Amino acid sequence: MGVRKTDMLQGTLDLVVLKLLQAGPDHGWALTRSIQAISRGVLDINYGTMYPALRRLEARGWVRAWWAVSENNRRVRYYELTASGRRQLTTERATWQRFSDALGRILGTN
Amino acid sequence: MFRAVSRRVVALFTPRRVEQELDGELAAHLAEETARHIARGMTPADAAAAARREFGNLGQVREDARDSWRIAALDNLQRHLRFASRALMRRPAFTATALLSIALGLASAITVYSVIDATLLRPLPYPAPEQLVAIGNDQFLANREVAALRQQAQSYTNIGSFSPGWLFPLTGPTPALLVNAGKVSGNFFEIMGVRPILGAGFGMSAETPGNHRVAVLGEDLWNRAYHRDPAIVGQSITLDSRPYLVTGIMPRAFHPIDAGADLWIPMAMDPSDQPWASAITLVVARLRPGASVATASAEMRMIAPRMEKEFQHTAGWATGVTIQGAEERALGSVRPVLIVLSMAVVLLLLTATANVANLLLVRTTERRQELAVRSSLGATARQLGALVLTECLLLGIIGGVLGLVGAFAAVRTLPHILPAGFPRVAEIAISGRVLVGAAILTMLVCALFAIAPSLLGTAENVGIRLRSGRTIAGGGARTRGLFLATEVALAVVLLAGAALMGRTMFALGQVDRGIRSDHVLTMRVMPGGKTADARRVYWTEVLERVRHLPGVRSAATVLHLPMGGRKWSANVLVDGRPVAPGAAPARSAWQSVSPDYFATVGIPVVAGRPFTTADDANAPKVIAVNGVFAAKIFPGENPIGKRVSAGNATGGDTATIVAVVGNVRHDSLNVPAGAELYVPYAQNPVGATGVVIRTTGEPAAMAGVLRDQVQAVDPAAPITDVRAMDEVYARSMQRPRMVLVLMGVFASIALLLSAIGVYGVVAYGVRQRLREIGIRVALGADHWSIRRLVVGQGLGYAILGVTVGLPIALALTRFMRGLVFGIATSDALSFVVVPVVLLLIAGIASMLPTRIAVRGNPTDVLRE
């Protein structure tokens, strides 16, 4: 527990998942591992919250899902970005960029 | 697009599948995580525990996942709905027309089906109504036949009798009331299976002569005369000047078979009665379990001939005995009306659906630009489909709700539209069943017109076609034309139905009633409990008083008013012409009238002399006969001076025919007059009597004065049915008028919808061809040739619709056979007028858009 962990900002998990799926189809467990690995353990997500998020994205039509066998030989549900998911990612990334730039400017001024 | 929507809907209502999938997924996650921990050296138990710990609250996750699914699905729906409603609001004309079409169609359908539900579909309000049967004869059955049936017939658990329509004065309450009593057997209430709301019915003992002075009141009479005083049960009331003990009160809904009554009294069962003294119109019975109308009829074919012989009935009496299920008897007469009306509303609903489909087609084609833009911005075909579908759904739902509101309003006005005596009017309501039916109907209509836009092909195709620069108007045009032709064809059928009813009403209006009903006031007066002499005095005084009032031309009395629903008949024996043994004697209706009757109601005296005051009790008995009587009984002979006896009419004596008078349609305007004879009132002062008064002014305006004058002669004599005779006739035409009004409304709506359809399609076509028209004008075509071009298109589809619609109309109007009068259902005039009217309307609707075509400078159009 050497690293200080940061809670995910409300709503950012969806963006993160969309971004991760941009690289290609993946399943829930692998996605949680990726977040851990890429953020070097800083972003602490409760693994459980991944699944409601995936359902949310699926219901909005941004991802589609199917059952397949994982590299570890388990039946898992794979998720993939849809065309509108891709567009959503672009939009949300831009929004996030604007938001973080603005925040950076505010916090950066001394 | 259907799949996308349906998947969401499925997820919304059955989250079970979603949850099972989620469980599988979560288990996979935990297994992977556990495996990872084991690979890093944990014991399996520790690994599993760690995986669970890291995962968080499993139940919470499950809950969250389910919620997020539901919220997103609802969210999507809401988004679609918001979008669709904005899109609809941007085109108010389209939206209003579509909603009006759906609402009118559904309101008509729901209203008619609420009537059908209440009358035909719901069982009669008696226990086991399918066991109830009515046994009747075209002449009559009497006590002795009931007694014989009780002894011999095996098909029934219980046999009783019912003789409705006995009018008696009820004195005690002021003013005195004329009540409609039903004479019934002791077991009648048991057979009907309805319990009194207070007290008891009477039992079999009431049939014994001497025990029969008991009465059961109907709830309405109890309200009206006794203000719901429960103490009346056990007390005595005065009916026809005789005391009757009230034993109970029957509920309002008790309306046995097809005849209501204010109260019921026992039919004293003395089999030795003269048959006419107990003339029962109806024998009611309950079938034994296992017996049916068919088996009971078979048994009756054995019993009836025995009765015919035993009771010395005229030959052929037995074949006239029929058994009818209670339901058939109560509802048989309205069934054809309701079948025709239900077919009419189905056609109307289809017309409305075709109209909306047509509007949607035009709209979708017009929106191709918008759809193509959306498509190029990345909207998928599925999303565009969902968009269009949501619009349809929204139209359907709002239209359905509007239709339901309209139906609620219409059902409330039904009691005023439906003819008097229509069965079960009080039960008509928009029940839960009708509501469910309405919802299903709405969805069906919705699904039907939602197909229309998809006929144009998928949105993606539209986009591709647009990008390739090709026109897409062509494909839709034929579909639109077909919808339009369908609409017109359906309108033809409805219009033909309405035209036939219009012709029927006209024919009924043209029927020679046999009397002049204008400026005549009628009323029914019942001076009860008087001797023959007292009645003679009473009527003389009444007529004297009335006759001398200002505004009265003449006044007279008659036994049964024409169209009054009552008629007495007698066997006619001609003096010196013996009836062959076994042959049935001739029968004739008979009337007892005061001398001025013929003059007052305008019945012409064709031959002989009218009655005079000299034809009194002491003078030789005389009668007048109508033309049918003369032709039937004295064919080729002069009936004047012939001597006949006619049972009760002539009091068993022989009377001399002194006049032949005109025929009067007594029963109904659509039933030709039968043989009828008249006796002078003074020579046969029977009880129930109608009064007819010819006035100089509006008869209804004098109703109050005349009623007061008659009342003054004897305040205890009840007066009812004070009406202008024209009103009596108008009432008798209520049924065809109701069908005409409803068919007329349905046909007008269909005509309007067709006109809108024609206009919409032609106007769209014109806008599509503005460029072409511009070129034509530029090349020198005049306005008329352009008009011909435009109108020709609309008329072409209308002609196609009429061509298809006419044979369908010919086939379907055959169901109206029982409703029309004076014409065939293939009435040539109707079938010529209807297409002409439709084509005229279509022509006018096609003319309107020509304004767009010939307006403006052709070069402007070409430059666009």
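Visitor: How are residues numbered, and how are chains lettered?
Guide: Residues are numbered from 1 along each chain as its sequence is written, while chains are lettered from A and ligands numbered from 1 in the order in which they are written. The model is predicted, and local features need pLDDT of at least 70, side-chain atom pairs count only at pLDDT 80 or more, and totals for chains, interfaces and linings use all residues.

Visitor: How many helices and strands are there in chain A, and what pattern does chain A follow?
Guide: Helices (H or I, at least four residues) and strands (E, at least two) are DSSP runs, numbered from the N terminus. Chain A has four helices and five strands. Read along the sequence, the pattern of chain A is β-α-β-α-β-α-β-β-α.

Visitor: Is H2(A) roughly perpendicular or roughly parallel to H3(A)?
Guide: Axes are lines fitted to C-alpha atoms, for helices over the stretch in contact, and angles run from 0 to 180 degrees between N-to-C directions. Angles under 35 degrees count as roughly parallel, over 145 as roughly antiparallel, 65 to 115 as roughly perpendicular and the rest as oblique. The axes of helix H2 (residues 28-38) and helix H3 (residues 50-59) of chain A come within 10 Å and cross at roughly 115°. That makes H2(A) and H3(A) roughly perpendicular.

Visitor: How many nonpolar, polar and charged residues has the contact of H2(A) with H3(A)?
Guide: Gly28(A), Leu31(A) and Thr32(A) in H2(A) meet Met50(A), Tyr51(A) and Leu54(A) in H3(A). Ala, Val, Leu, Ile, Met, Phe, Trp, Tyr, Cys and Pro count as nonpolar, Asp, Glu, Lys and Arg as charged, and the others, Gly among them, as polar. By class, the contact has four nonpolar, two polar and no charged residues.

Visitor: Which helices of chain B each supply at least two residues of the side that touches chain A?
Guide: In the contact between the chains, 26 residues of chain B meet 18 residues of chain A. The helices of chain B that each supply at least two residues of its side are H2 (15-39), H3 (44-55) and H4 (58-90).

Visitor: Are the residues of strand S8 of chain B buried or exposed?
Guide: A residue is buried if 20 or more other C-beta atoms lie within 10 Å of its own, exposed if 12 or fewer, and partly exposed in between, with C-beta atoms placed from the backbone. In strand S8 (residues 263-266) of chain B, Leu263(B) and Ile265(B) lie on one side and Trp264(B) and Pro266(B) on the other. Both faces are covered, and these four residues are all buried.

Visitor: Which residue in S8(B) is the bridge partner of Val184(B)?
Guide: Strand S3 (residues 177-184) of chain B and S8(B) run parallel, joined by four bridges. The partner of Val184(B) in S8(B) is Pro266(B).

Visitor: Where does Ala128(B) lie?
Guide: Ala128(B) has a positive phi of about 40° although it is not a glycine. Ala128(B) is exposed, because 12 other C-beta atoms are within 10 Å. Its place is the loop between helix H5 (92-121) and strand S1 (132-136) of chain B.

Notes. Contact = placed C-beta atoms within 7 Å. Pairing = 2+ DSSP bridges.
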